[in-house]
Amino acid sequence: MSEFRVRSIRTLDAAFPVPGDKSMSHRAAMIAGLADGVSTVRNFLPSEDCLNTLGAMKACGVKVDVLEEMPGFGPTSMRIHGRSMKLEAPAKPIDCGNSGTGMRLLAGLFAGQSFETELFGDESLSGRPMGRITVPLGEMGAKIDCLGEKPGCAPLKIHGSQLHPIRYELPVASAQVKSAVLLAGMFCEGVTTAVQPADTRDHTERMLESFGVKIVTEGNAISIEGGQVPQARDFRVPGDISSAAFWVVAAAALPGARLVIKNVGLNPTRTAVLDVIERMGAQITRTVLSTDDGEPIGDVEIRGAKLTGTELLRAEIPNLIDEIPVIAVAAAMAEGKTVIRNAKELRVKETDRISTVVEGLRAMGGQIEEFEDGMEITGGAPLHAATIESHGDHRIAMAFAIAGLFASGETVIRNTDCVNTSYPGFSKQLAAVLAESKDLADYDLPTVPA
C-alpha cells in the first residue's frame with residue numbers, strides 16, 4: 001500500500017505547472033471523438049479517470065495516435081480521429097473506474113445512439129447517485145436501467161434511443177447534469193435547454209463552441225440545437241485549478257511564502273477557491289496569458305500570510321465543491337472560525353468528504369464541528385502529526401498531505417494510489433516542496449515522445 005510521509009516546511013519559494021485539467025480532459029476526449037476530422041489535443045491529463053473516458057471513446061471506434069506521454073501514466077498529447085457523430089457499438093461493457101464525471105457525461109452521449117451500452121465503475125462510483133442524470137435523459141426518451149445494488153446506482157445499461165428535445169430545470173446546480181443533457185441534445189432534432197439554479201462550470205459549453213457548435217446562453221438557460229457536428233481543431237488543455245488549489249493553500253498559509261502556478265485554467269466558474277483564500281488574507285495575483293482555446297489560461301502568484309477565518313457563501317459552493325477539503329485545511333491554520341454549509345453534496349463524493357475531513361482534522365488536533373451539510377472549523381490550534389486514512393479518496397489524500405506540511409512530527413497518509421485518478425506526478429512535486437527546492441526541474445512533469 002502506497003503512502004505519503006510529510007513533515008513541516010519552513011519556506012516555499014517556487015514556480016511550477018500542474019497537470020492538465022481533469023474536467024476538460026474528459027470533455028476533450030469526448031468532443032474530439034465526436035468531431036468531423038482529426039484534432040490534436042495537448043496537455044491531456046493522463047490520470048486513471050481521464051484514460052478510462054479516452055478508452056470509452058476508443059471502444060466506440062475512435063482512433064487515437066499518441067504523440068507524447070507521461071512515463072508510467074499515459075498520453076499527454078495525441079491526435080484524435082473524430083467519428084463525425086457516428087460511433088460504433090462497443091464490444092463489451094465500458095469501465096469508468098472512479099469517475100462520476102466520465103460516467104454521467106458518457107451516459108448523455110450514449111443515450112441517443114443506435115446501440116446498447118453498459119457503463120460500470122469501481123465500488124466508490126457504484127455507490128454514487130445516478131438518478132440526477134437518468135431522470136432528465138429519461139424525459140428525453142432514453143431507456144436507462146440502473147443495475148447497482150443501491151437504488152439508482154451504477155452499473156448503467158443504456159438502450160440507445162431516438163431522443164427528443166426538452167427544457168429541463170435542474171433541481172440542483174450541477175455541471176455534470178447540465179453537460180449530460182446538452183450532449184444528449186446533440187442527437188435530437190430541435191433545441192434542448194438546461195436551466196440551472198446557479199452558475200456551474202461551463203467547460204462543456206465553451207469547448208463545444210471552440211469546436212464550432214453553437215450554444216445559446218440566456219441567463220441561466222443554456223440551449224443547443226441538435227444535428228450540429230463539432231469540427232476538428234487543435235486544443236490545449238489548461239492546467240487544473242483544482243490540482244493547483246492544494247499548492248495555493250500550502251503557500252497561502254505560510255507567511256513569507258511565494259509560489260507561482262504556471263499555465264493554469266482561470267475560468268471564472270472554477271476560481272472561487274482563489275476568491276476564498278484571498279478573502280482569508282493571502283495575496284493572490286492572476287495573469288491571463290491566453291484565451292485562444294475558449295478558456296482563459298495564465299499564471300497565479302500566491303504570497304503567504306497569516307490567514308483568518310471566513311464563511312463560504314451559498315453561491316460559491318457549486319464552483320468549489322472539489323476544493324472544500326483543502327479549504328478546510330486552510331481554515332484549521334487560520335485565526336478564527338470558518339463556516340462551510342450548504343455542501344451536502346460532499347456526502348456522496350468518492351467518500352463522505354464531510355466525515356473524512358472532520359475525522360482527519362480532529363486526529364491532527366484541529367477543532368471542528370460537523371453538520372449534515374458541512375462543518376465549522378475554529379482555527380489556530382497547533383496541528384500535530386497523525387496517521388490519516390485516505391479511504392481511497394484522492395482529494396482527501398492530497399488535502400492531508402498539505403496539512404502535514406504545517407504539523408509537528410511526521411504525518412503519514414495511507415492508501416495514496418488513489419491520487420493517480422486526478423494528479424499523476426503529485427508525489428514528485430510534494431517531494432520537491434518537502435526539499436524546499438527552488439529548481440523548476442524538480443517540479444516539472446516530464447513527457448516523452450511516443
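Reply: P90 is buried, with a relative accessible area of 14%, where buried means under 20% relative accessible area, exposed over 50% and partly exposed in between (1.4 Å probe, protein chains only). The model is a predicted one, in which local features need pLDDT of at least 70 and side-chain atom pairs count only at pLDDT 80 or more, while totals for chains, interfaces and linings use all residues. Residues are numbered from 1 along each chain as its sequence is written, and side-chain values rest on heavy atoms, with hydrogens and water left out.

P90 sits in the loop between strand 5 (74-81) and strand 6 (94-95); helices (H or I, at least four residues) and strands (E, at least two) are DSSP runs numbered from the N terminus. Apart from its neighbours within four places in sequence, P90 is in contact (heavy atoms within 4.5 Å) with A59, C60, F115, E116 and T117. H391, by comparison, is 301 residues from P90 in sequence and 32 Å from it in space, C-alpha to C-alpha.

Not counting residues up to four places away in sequence, D21 touches L45, V237, P238, G239, D240, I241 and R270.

Helix 1 (residues 22-34) has two packing partners to describe. Two packed helices are described by the angle between their axes and the distance between the axes; here the axes are lines fitted to C-alpha atoms over the stretch in contact, and angles run from 0 to 180 degrees between N-to-C directions. Helix 1 and helix 2 (residues 48-59) pack at about 10°, with their axes 9 Å apart, and are therefore roughly parallel to each other. K22, S25, H26, A29, M30, G33 and L34 of helix 1 make this contact with D49, C50, T53, L54 and M57 of helix 2. The axes of helix 1 and helix 6 (residues 203-210), on the other hand, come within 10 Å and cross at roughly 40°, so these two helices are oblique to each other. In these terms, angles under 35 degrees count as roughly parallel, over 145 as roughly antiparallel, 65 to 115 as roughly perpendicular and the rest as oblique. In the pairing with helix 6, S23, M24, R27, A28 and I31 in helix 1 meet H203, T204, M207 and L208.

D240, one of the residues touched by D21, caps the N-terminal end of helix 7, where a side-chain oxygen lies 2.8 Å from the backbone nitrogen of S242. Because 12 of the 12 residues of helix 7 are buried, this helix is largely enclosed by the rest of the structure. Helix 11 (residues 394-404) is likewise largely enclosed, because 11 of its 11 residues are buried. At the start of helix 11, a side-chain oxygen of D393 reaches to within 3.0 Å of the backbone nitrogen of R395.

The largest nonpolar core has 84 residues, and those with the most contacts inside it are L12, W247, I277, I402 and L405; such a core is a set of buried Ala, Val, Leu, Ile, Met, Phe, Trp, Tyr and Cys residues joined through side-chain atoms within 4.5 Å. Its largest share, 10 residues, comes from helix 7 (residues 241-252). I402, which belongs to helix 11, touches F246, W247, V249, A250, V326 and V329, leaving out residues up to four places away in sequence. A second, separate core of 66 residues includes I31, A32, M85 and F110.

Some backbone details remain. A cis peptide bond, with omega about 5°, joins A154 and P155, and P155 is placed in the loop between strand 8 (143-146) and strand 9 (156-159). N43, in the loop between strand 3 (38-42) and helix 2, has a phi near 60°, a positive value in a residue other than glycine, and at 21% relative accessibility it counts as partly exposed. N263, in strand 15 (residues 258-265), has a positive phi of about 50° although it is not a glycine, and is partly exposed, with a relative accessible area of 40%.

Key:
A polar contact is a pair of N or O atoms within 3.5 Å; within protein, one must be able to donate a hydrogen and the other to accept it, and residues adjacent in sequence count only if both atoms are side-chain atoms.
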